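I opened this entry to log what I looked up, item by item. The coordinates come first, then my notes.

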Amino acid sequence: MALTKNKIVEHVNELGFTKKKSVDIVESLLEIIKQSLESGEDVLVSGFGKFCVKKKDTRRGRNPATGDDLILDERNVVTFKCSGKLRESINK
Amino acid sequence: MNKLELISALKKEADISKSEAAKIVQIFFDSMADALVVDERIEIRGLCSFYVKKYKSYVGRNPKTGEKVMIKPKKLPFFKCGKELRDRVNNSQ
């Protein structure tokens with residue numbers, strides 16, 4: 001079973017917030033993270049890892065199905081770097 | 001933005017106390033870390049998904065000295081950006 005938003009909402013619910021408030025809080029948190037990355041600002045979480053926005057330059061690519069050359073426009077991607085602490089506990 | 005800034009932003013946005021916001025931010029990242037430790041997938045719609053990828057041991061090289069070194073098998077969380085986040089990060093400029 002995968003961890004989903006629902007499970008996190010349940011944990012927040014256990015703190016004593018109503019179900020609806022718990023959903024709102026989790027959605028707010030997600031929105032804050034997304035907004036930060038959208039504005040190009042990295043999100044650093046000590047003990048977990050960092051979410052970074054990286055700029056990719058235009059490059060020449062190829063359509064793997066047809067073999068046609070095409071130009072891939074420059075774009076931004078989000079990358080994640082695991083913290084040393086999390087990496088250690090995963091490998092224990 | 002670091003964890004403290006995340007907490008203050010959540011306090012303001014969700015209209016809750018600072019200690020509540022701190023607890024929730026901690027719960028959020030702890031739940032994800034706990035899931036990864038027990039090799040469970042994570043799927044947060046719109047933001048991202050994670051799974052634990054296993055790497056076999058291999059012979060690597062120390063890039064400084066050129067020396068051969070044995071790299072032990074390891075596990076790392078593999079991050080995949082969600083569709084909404086991917087689109088938003090691209091349309092902002």
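Which residues form one aromatic cluster? I listed Phe48(A), Phe51(A), Phe80(A), Phe28(B), Phe29(B), Phe50(B) and Phe79(B).

**Ground rules.** The model is predicted, so I kept local features only at pLDDT of at least 70 and side-chain atom pairs only at pLDDT 80 or more, while totals for chains, interfaces and linings use all residues. Residues are numbered from 1 along each chain as its sequence is written, chains are lettered from A and ligands numbered from 1 in the order written, and side-chain values use heavy atoms, without hydrogens or water.

**Aromatic pairs.** I paired rings of Phe, Tyr and Trp (its six-membered ring) with centres within 6.5 Å; planes under 30 degrees apart are stacked, over 60 edge-to-face, the rest tilted. The count is 11 pairs over all chains. I then checked Phe51(A) with Phe80(A): the ring centres are 5.0 Å apart and the planes stand at 50 degrees, so this pair is tilted. It links distant parts of the chain, with Phe51(A) in strand S3 (residues 49–56) and Phe80(A) in strand S6 (residues 75–82), 29 residues apart. Strands (E, at least two residues) and helices (H or I, at least four) are DSSP runs, numbered from the N terminus. Both Phe51(A) and Phe80(A) are buried. My cut-offs were under 20% relative accessible area for buried, over 50% for exposed and partly exposed in between, with a 1.4 Å probe and protein chains only.

I also looked for a charge over a ring (NZ of Lys or CZ of Arg within 6 Å of the ring centre and within 35 degrees of the ring normal). Lys74(B) sits over the face of Tyr55(B), 5.7 Å from the ring centre.

**Core.** A nonpolar core here is a set of buried Ala, Val, Leu, Ile, Met, Phe, Trp, Tyr and Cys residues joined through side-chain atoms within 4.5 Å. The largest has 47 residues, and Phe48(A), Leu10(B), Phe29(B) and Phe50(B) touch the most other members. Helix H2 (residues 18–37) of chain B gives the most to this core, 9 residues. I followed Phe50(B) next, taking contact as heavy atoms within 4.5 Å. Beyond four places in sequence, its contacts include Phe48(A), Phe51(A) and Phe80(A) from chain A, and Met32(B) and Leu36(B) from chain B.

**Helix H2 of chain A.** For the 20 residues of H2(A) (residues 19–38) that gives 28 Å, and the end C-alpha atoms are 28 Å apart, which agrees. Its buried residues include Ile25(A), Leu29(A), Ile32(A) and Lys34(A). Just after H2(A), Gly40(A) takes a positive phi of about 90 degrees.

Ser22(A) lies in this helix and is buried at 0% relative accessibility. Apart from neighbours within four places, Ser22(A) contacts Val9(A), Val12(A), Asn13(A) and Phe17(A). Asn13(A) is in helix H1 (residues 5–13) of chain A and is partly exposed at 29%.

**Cysteines.** How many disulfides are there over all chains? I counted 0, with a cut-off of 2.5 Å between cysteine sulfur atoms. The sulfur of Cys52(A) is 12 Å from the closest one, in Cys81(B), too far for a bond. For Cys82(A) the closest cysteine sulfur is in Cys52(A), at 12 Å, again too far for a bond.

Terms used
The expected span of a helix is 1.5 Å times one less than its number of residues.
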